[in-house]
Amino acid sequence: MLVTAIEARPVRSLDQVRVELEPGIVSVVGANGVGKTNLVESLYFALTGRSFRTSDRRDLIPFGGSLARAEASVRDEDGLERRLLASISRTDGRRHLLDGSPADPATLARNRPPVAVFAPDRLSLVKGPPAERRAHLDGFAAARWPARTELRKRYGQALAQRNALLSRLAAGYGASGDLDVWDAGLADAAAPLVAARDEAIAELSGPFAGAAAELGLEGGASLEYAPRAAGSAEEIRAGLEERREQDIRMGRSSWGPHLDELKLATAGRSLRRYGSQGQQRAALLALLFAEREVLLAARRVTPLLLLDDVMSELDPGRRERLVGRLDDGGQALITAADEQSLPAAALRSVVRMPMPPALPSAAAA
Ligand SMILES: Nc1ncnc2c1ncn2[C@@H]1O[C@H](COP(=O)(O)OP(=O)(O)OP(=O)(O)O)[C@@H](O)[C@H]1O
Ligand SMILES: [Mg+2]
């Protein structure tokens with residue numbers, strides 16, 4: 001599955017811009033502030049309906065405007081072209097359309113490549129709180145096994161229900177026996193979620209260590225996931241029952257996969273706590289590369305990797321190795337302020353910015 005074109009009509013500083021994308025590595029080059037990140041963000045927005053820069057999509061609306069809109073053309077393995085269009089309007093809210101019609105998230109996800117982003121502020125994935133890593137891991141599992149997409153949501157719902165009852169019990173209402181049904185529900189939702197995470201880590205560990213070594217993380221890098229609640233649904237249910245008194249006292253669930261940590265380490269030490277900036281960056285890249293490698297090997301989809309501003313922070317040897325890794329059949333967009341920082345393999349397809357508007361203006365359309 002390949003993205004063949006992206007249009008920003010408009011997004012932030014980009015108005016009526018259309019860029020055709022080749023398979024393989026595409027480099028987006030231009031001076032600071034010309035809109036390289038805006039272009040990458042437009043692509044991410046068209047595909048996912050979200051931004052990787054902000055949780056408030058209205059930030060994408062041009063200053064003084066009322067609408068942001070991005071469209072991506074995606075070609076699947078059978079050569080079929082589809083168009084994904086995301087928009088956010090101050091008056092009409094947001095839309096995400098497949099070939100002009102509203103579609104549910106699962107259908108949209110099936111009709112686009114899995115997409116991963118490296119951007120300087122995404123380092124929080126390595127150095128931020130565990131919740132970000134859990135969400136990321138669950139997102140990877142959903143891309144790896146589409147049938148498992150709902151596991152995270154199902155668990156979240158079961159947890160919210162059990163917690164609601166716990167807070168009532170903590171306030172002195174109801175009987176603790178009422179928890180039986182919610183314990184069972186939570187355990188049923190927890191077991192497959194933990195299993196998916198376990199399997200994801202088993203697949204990612206080797207590729208992660210390999211990519212990390214190549215990017216210069218010394219001492220061996222590892223991914224570790226040690227679930228609190230492992231085993232069958234029945235075992236997890238028994239574990240919940242054991243902690244029942246404590247949970248009622250606290251008014252919330254104190255045990256389960258919503259508290260698990262995915263640990264990224266080098267030489268056995270947590271990168272979150274002890275890693276240098278450069279080590280954390282290398283670890284994030286290694287994780288994204290590992291995911292890409294696993295997805296490429298496992299499914300017929302071609303993952304898309306968006307690398308915003310990664311080159312400026314790497315020495316020439318690491319730039320070469322990074323681009324060498326991208327030359328694997330997957331699609332990738334790299335932004336850079338100057339062409340000199342890009343190895344030859346990243347210069348086969350270059351988009352130079354700023355770009356003149358390539359589409360009829362909004363007023364004429
Ligand atoms: N909502 C918006 N409406 C209009 N312009 C915006 C909006 N948000 C950001 N901009 C402008 O977009 C420009 C930045 O674009 P972008 O971040 O894509 O630059 P860049 O090419 O990635 O630069 P750098 O090389 O510094 O990363 C800035 O001039 C900024 O003021
Ligand atoms: Mg930028």
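I took partly exposed to mean a relative accessible area between the buried limit, under 20%, and the exposed limit, over 50%. The model I am reading is a predicted one.

**Entry 1: backbone, positive phi**

I looked up Asp99 with that definition in hand. Its relative accessible area is 39%, so I wrote it down as partly exposed. Asp99 sits in the loop that runs between strand E6 (93-98) and strand E7 (101-102). I checked its backbone as well: phi is near 50 degrees, which is positive, and the residue is not a glycine. I noted this since most residues other than glycine have a negative phi.

I then turned to Arg12, another non-glycine residue with a positive phi, about 50 degrees. Arg12 belongs to the loop between E1 and E2. Its relative accessibility is 24%, so Arg12 also counts as partly exposed.

**Entry 2: cis peptide bonds**

I stayed in that loop for Pro10, which lies between strand E1 (2-8) and strand E2 (17-20). The bond from Arg9 to Pro10 is cis, and I read omega near -5 degrees. I found a cis bond between Met353 and Pro354 too, with omega about 5 degrees. Pro354 is placed in the segment after strand E14 (350-352). Most peptide bonds are trans, which is why I recorded these.

**Entry 3: the two domains**

I looked up how the protein is divided. Domain 1 covers 1-113 + 305-365, and domain 2 covers 122-300. Their contact takes 15 residues from domain 1 and 13 residues from domain 2. I noted 30 Å between the C-alpha centres of domain 1 and domain 2.

How much area do domain 1 and domain 2 bury between them? I read about 1,500 Å², with 55% of it on carbon and sulfur atoms. On the domain 1 side, Leu305, Arg318 and Arg325 lose the most area to domain 2, and together they make up 38% of what that side buries.

**Entry 4: contacts across the interface**

I found 2 salt bridges across the interface of domain 1 and domain 2. I also looked at Arg325 again: its side chain meets that of Glu214 in a salt bridge, 3.1 Å from N to O. For polar contact across the interface, I noted 7 residue pairs.

I then asked which elements of domain 1 touch domain 2. Strand E12 (304-307), helix H11 (316-326) and strand E13 (331-336) each supply at least two residues of that side. H11 gives the largest share, 5 residues. By class, I recorded 7 nonpolar, 2 polar and 6 charged residues on the side of domain 1 that touches domain 2.

Conventions
Residues numbered from 1 in each chain as written. Chains lettered and ligands numbered in written order. Predicted model: local features only at pLDDT ≥ 70, side-chain atom pairs only at ≥ 80, totals over all residues. Heavy atoms only, no water. Helix = DSSP H or I, 4+ residues; strand = E, 2+ residues; numbered from the N terminus. Buried < 20%, exposed > 50% of the residue type's maximum accessible area, 1.4 Å probe, protein only. Domains from an automatic or database assignment. Contact = heavy atoms within 4.5 Å. Buried area = accessible area lost by both parts, 1.4 Å probe. Salt bridge = Lys/Arg side-chain N within 4 Å of Asp/Glu carboxyl O. Polar contact = N/O pair within 3.5 Å; in protein donor to acceptor, adjacent residues only side chain to side chain. Nonpolar A, V, L, I, M, F, W, Y, C, P; charged D, E, K, R; others polar.
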